[in-house]
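Hi,

Here is the structure I promised to pass on.

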Amino acid sequence: MTASAGVTPGASVDEDRVQEFLERVIADSGAAVAGLCTSLGDRLGLYRAMAGAGPLTSVQLAARTGLVERYVREWLTAQVAGEYVSYAPGTDTYLLPDEHAAVLADPDLPTYAAGFSTVLQAIYATEDILVEAFRTGEGVGWEEHGHALFAGTAQFFRPGYSAALVPQWLTALDGVVEKLERGARVADVGCGYGYSTTLMAQAFPRSRFEGFDFHRPSVEAARGIAAERGLDDRVSFQVATAQDFPGEDFDLITFFDCLHDTGDPGGALHHAEQALADGGTCMVVEPNASANAQENVNPVGRALTASSVAVCLPSALAQHGPQALGNHAGEEVLRQLADEAGLHHWRLAAQSLVNRVYAVGR
């Protein structure tokens with residue numbers, strides 16, 4: 001190789017390492033394209049149709065889904081190449097293993113992860129806007145993305161919340177479950193589609209829950225979900241920001257994967273401190289990513305930090321606040337912001353593969 005090819009002049013290049021990295025980039029590119037196929041399989045019900053069905057031909061799968069066989073056959077070929085689906089050439093049949101179905105086919109399972117592929121639609125659609133943002137320093141507002149971001153984000157986080165929020169995270173907060181069982185007032189800030197809000201409301205029927213989000217379409221979706229579940233008598237949703245949501249004397253204020261998306265996280269925490277009842281608790285749920293870049297060298301860290309480039313940091317910058325954290329600011333930065341806001345008690349209460357849960361109070 002020569003310097004003109006982008007290699008440092010005088011450097012000795014290990015050709016084997018070059019080839020190894022080339023293969024990795026090609027593999028990553030293949031995974032990026034395959035994400036579209038995963039999203040199609042999720043949206044079109046292909047994974048659900050294969051789950052528990054045993055070996056199927058492309059004709060049988062097309063009949064089960066009402067789709068065109070030629071497209072289904074092409075999709076199956078891609079699924080075999082990615083080792084999501086197995087193929088038996090003797091019978092010309094395809095099988096979705098039960099273990100893979102647990103990740104791809106059932107949104108109610110805690111292991112379901114296909115929802116993230118929906119987010120890819122929105123992320124790639126805003127690439128031109130992001131290119132300009134890199135040059136100008138301007139943000140890209142949450143509302144500038146397509147519907148796929150809002151729906152996909154809710155779809156991605158819902159399984160984890162369903163599995164851990166009530167049985168693990170809330171129980172890790174001192175005295176909170178007892179309050180909720182007796183009847184408490186809860187504010188869910190940055191609630192999005194309200195899955196976190198409705199999960200708590202279903203578990204604690206004596207408590208009252210108020211969800212707040214600055215994105216009106218998400219609030220409207222949350223209202224519809226609460227109504228479908230028969231919870232709208234004790235769950236409400238309003239359009240409001242983290243810095244101005246109404247109400248006071250809340251026993252619990254929650255921030256689910258949203259504090260880092262605000263342009264003024266310190267202001268949001270200060271407002272929460274003002275809105276807490278005596279002895280109240282804030283639960284701050286943030287991505288399980290590190291401020292140390294080297295500690296993010298793992299699949300989850302890679303997905304989270306890349307998401308911060310595409311969505312989290314641009315969203316915060318679009319609000320023109322004093323701080324734009326990104327989703328991996330780290331615990332120390334968040335703790336300091338809370339302390340400055342009057343929330344002096346900070347504790348890591350629980351964590352999962354994707355999230356860290358902090359118990360915060362005065």
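This is a predicted model: local features need pLDDT of at least 70, side-chain atom pairs count only at pLDDT 80 or more; totals for chains, interfaces and linings use all residues.

Start with T118, which is in contact with S39, D42, A148, G152 and Q155, once its neighbours within four places in sequence are set aside; contact here means heavy atoms within 4.5 Å. T118 belongs to helix α6, and the helices (H or I, at least four residues) and strands (E, at least two) are DSSP runs numbered from the N terminus. With a relative accessible area of 7%, T118 is buried. For that label the cut-offs are under 20% relative accessible area for buried, over 50% for exposed and partly exposed in between, using a 1.4 Å probe and protein chains only.

Residues are numbered from 1 along each chain as its sequence is written, and side-chain values use heavy atoms, with hydrogens and water left out.

Back to the helices. The axes of α1 (residues 15-43) and α6 (residues 115-125) come within 8 Å and cross at roughly 125°. That angle makes α1 oblique to α6. (Under 35 degrees counts as roughly parallel, over 145 as roughly antiparallel, 65 to 115 as roughly perpendicular, and the rest as oblique; axes are lines fitted to C-alpha atoms, for helices over the stretch in contact, and angles run from 0 to 180 degrees between N-to-C directions.) The α1 and α6 crossing is left-handed, a term for the near helix being turned anticlockwise from the far one by less than a right angle, with clockwise giving right-handed. On the α1 side the residues are A32, G35, T38, S39, D42 and R43, and they meet S117, T118, L120, Q121 and Y124 of α6. Sorted by type, the residues of this α1 and α6 contact come out as three nonpolar, six polar and two charged. The classes are Ala, Val, Leu, Ile, Met, Phe, Trp, Tyr, Cys and Pro as nonpolar, Asp, Glu, Lys and Arg as charged, and the others, Gly among them, as polar.

P265, G266 and L269 of α12 make the contact with L334, L337 and A338 of α14. That contact of α12 with α14 has five nonpolar residues, one polar and no charged.

Now the sheet. Seven strands form an open sheet with mixed pairing, in the order β5-β4-β3-β6-β7-β9-β8; two strands pair if DSSP finds at least two bridges between them. β5 (235-239) and β8 (345-351) are at the edges with a single partner strand each, so one side of each has no neighbour in the sheet. On average, neighbouring strands are turned by 20° against each other, direction ignored. At one end, β8 runs antiparallel to β9 (residues 355-361) and is joined to that strand by six bridges, with L348 opposite Y358 in β9.

Helix α11 (residues 216-228) packs on the sheet by touching β4 (208-213) and β5, and its direction makes about 170° with that of β5.

D188 has G211 of β4 as its bridge partner, and V186 has F209. Four of the five residues of β3 (residues 185-189) are buried, so β3 is largely enclosed by the rest of the structure.

- T281 sits in strand β7 and counts as buried at 12% relative accessibility. Beyond four places in sequence, T281 is in contact with L173, V176, D251, L252, I253, L276 and V360.
- L231 lies in the loop between α11 and β5 and is buried, with a relative accessible area of 3%. Not counting residues up to four places away in sequence, L231 touches T198, A201, Q202 and A226.

Cheers
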